[in-house]
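Thanks for coming, everyone. Please look at the screen while I talk.

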Amino acid sequence: MRRRRHPEYERNVFINCPFDDEYTPIFEAVVFTIHACGFRAMCARSRLNSGEVRLHKILEIISDCRFSIHDLSRTELDAASSLPRFNMPLELGIDIGCRAYGDNQEQKSFLIFDRDRFRFQSYVSDIAGQDIVNHENDPERAIGRVRDWLRTETGRTNIPGAKAMQSRYAKFRSALPSMCERFELDIFALTFADYLRVLGDWLTPAAPPPRR
């Protein structure tokens, strides 16, 4: 059965990345940039229903998003298992297939990240022809890359420049502890939904004072 297109399809940005403490600074910076540019971040953490098969959930989220960010920077061998982490390349492959064969999905746009620009050639050379960008594990660089991609792909002229976006993010990080306290949230245990709630509140302009 053909799925109905998500009402926010044109604003949705799927994030395919690691979910661990080491990657969190980049993940949170990317989510901030997406929302500060006027878009809507989605990822596997958007839905925590244990009754859903994880791959089915990811398939649905991918098909609900016109834009996708795929970070391949963490495909090195796992210290415990000595095996590579292939979830990110798998989800990129699913998204490429969705664009090629999905109903009304041909306008999909991808941003593919790695630590270094040409590292991917050693482990997934079939995507050689895609434009791969590097973030060097630097949240500020990731902010600039995401901002430039969204500005270019959408043609929106109201998106601030990279330096302005980085400055806004620094201000948000400074305000985050007090905002978490106001919302009675543990800053060290924020869920994805919690983070979006605080971020949305910070990005919403304050209402002007009433006229006298």
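First, a term. A residue is buried when its relative accessible area is under 20%, exposed when it is over 50%, and partly exposed in between. Keep in mind that this is a predicted model.

Now use that term on a strand. How many residues of β4 are buried? Six of its six, so β4 is mostly covered under the cut-off of 20%. Look at where the side chains go. S109, L111 and F113 point one way from β4. F110, I112 and D114 point the other way. Both groups are buried.

Next, the sheet around β4. It is an open sheet of five strands. The order is β2-β1-β3-β4-β5, and the pairing is parallel. Which strands stand at the edges? They are β2, residues 40-42, and β5, residues 132-134. Each has a single partner strand, so one side of each is left without a neighbour in the sheet. The sheet also twists, by an average of 30° from one strand to the next.

Let's walk across the pairs. Strand β1 covers residues 12-16, and three bridges join it to β2. Find F14: its bridge partner in β2 is M42. Go on to β3 and β4. They pair in the parallel sense over five bridges. Here H70 stands opposite I112 in β4. Then come β4 and β5, parallel again, over three bridges. I112 turns up here too, with I132 as its bridge partner in β5.

Let's zoom in on one residue, V13, in strand β1. Is V13 buried or exposed? Its relative accessible area is 0%, so V13 is buried. Leaving out residues up to four places away in sequence, V13 touches I34, F39, R40, A41, M42, C65, F67, S68, I69 and W149. Take C65 from that list. V13 and C65 are 52 residues apart along the chain. Their C-alpha atoms are separated by 5.5 Å.

Two of those contacts of V13 are F39 and F67. That brings us to the rings. How many aromatic pairs does the structure hold? There are 10. F39 and F67 form one that is edge-to-face, with 5.6 Å centre to centre and 80° between the planes. F39 sits in the loop between α1 and β2, and F67 sits in strand β3. They are 28 residues apart, and the pair links distant parts of the chain. What about burial? F39 has 1% relative accessibility, so F39 counts as buried. F67 also counts as buried, at 1%.

F67 has another ring partner, W149. Why is that pair called edge-to-face? The ring centres are 5.9 Å apart and the planes stand at 85°, and planes over 60 degrees apart count as edge-to-face. Again the pair links distant parts of the chain: F67 is in strand β3, W149 is in helix α4, and 82 residues separate them. W149 is buried, and so is F67.

Ring pairs link F32, Y169, F172, Y195 and W202.

Y195 takes us to helix α6, where F192, D194, Y195, V198 and L199 are buried.

A quick check on the length of α6, residues 192-203. At 1.5 Å a residue, its 12 residues should span 16 Å. The end C-alpha atoms are 16 Å apart, which agrees.

Last stop, two loops. N137 is in the loop between β5 and α4. Its phi is near 60°, a positive value in a residue other than glycine. N137 is partly exposed, with a relative accessible area of 43%. E184 is in the loop between α5 and α6. E184 is not a glycine, yet it has a positive phi of about 60°. At a relative accessible area of 74%, E184 is exposed.

That's my tour. Over to you.

Key
Residues are numbered from 1 along each chain as its sequence is written. This is a predicted model: local features need pLDDT of at least 70, side-chain atom pairs count only at pLDDT 80 or more; totals for chains, interfaces and linings use all residues. Side-chain values use heavy atoms; hydrogens and water are left out. Two strands pair if DSSP finds at least two bridges between them. Helices (H or I, at least four residues) and strands (E, at least two) are DSSP runs, numbered from the N terminus. Axes are lines fitted to C-alpha atoms, for helices over the stretch in contact, and angles run from 0 to 180 degrees between N-to-C directions. The expected span of a helix is 1.5 Å times one less than its number of residues. Buried means under 20% relative accessible area, exposed over 50%, partly exposed in between (1.4 Å probe, protein chains only). Rings of Phe, Tyr and Trp (its six-membered ring) pair if their centres lie within 6.5 Å; planes under 30 degrees apart count as stacked, over 60 as edge-to-face and the rest as tilted. Contact means heavy atoms within 4.5 Å.
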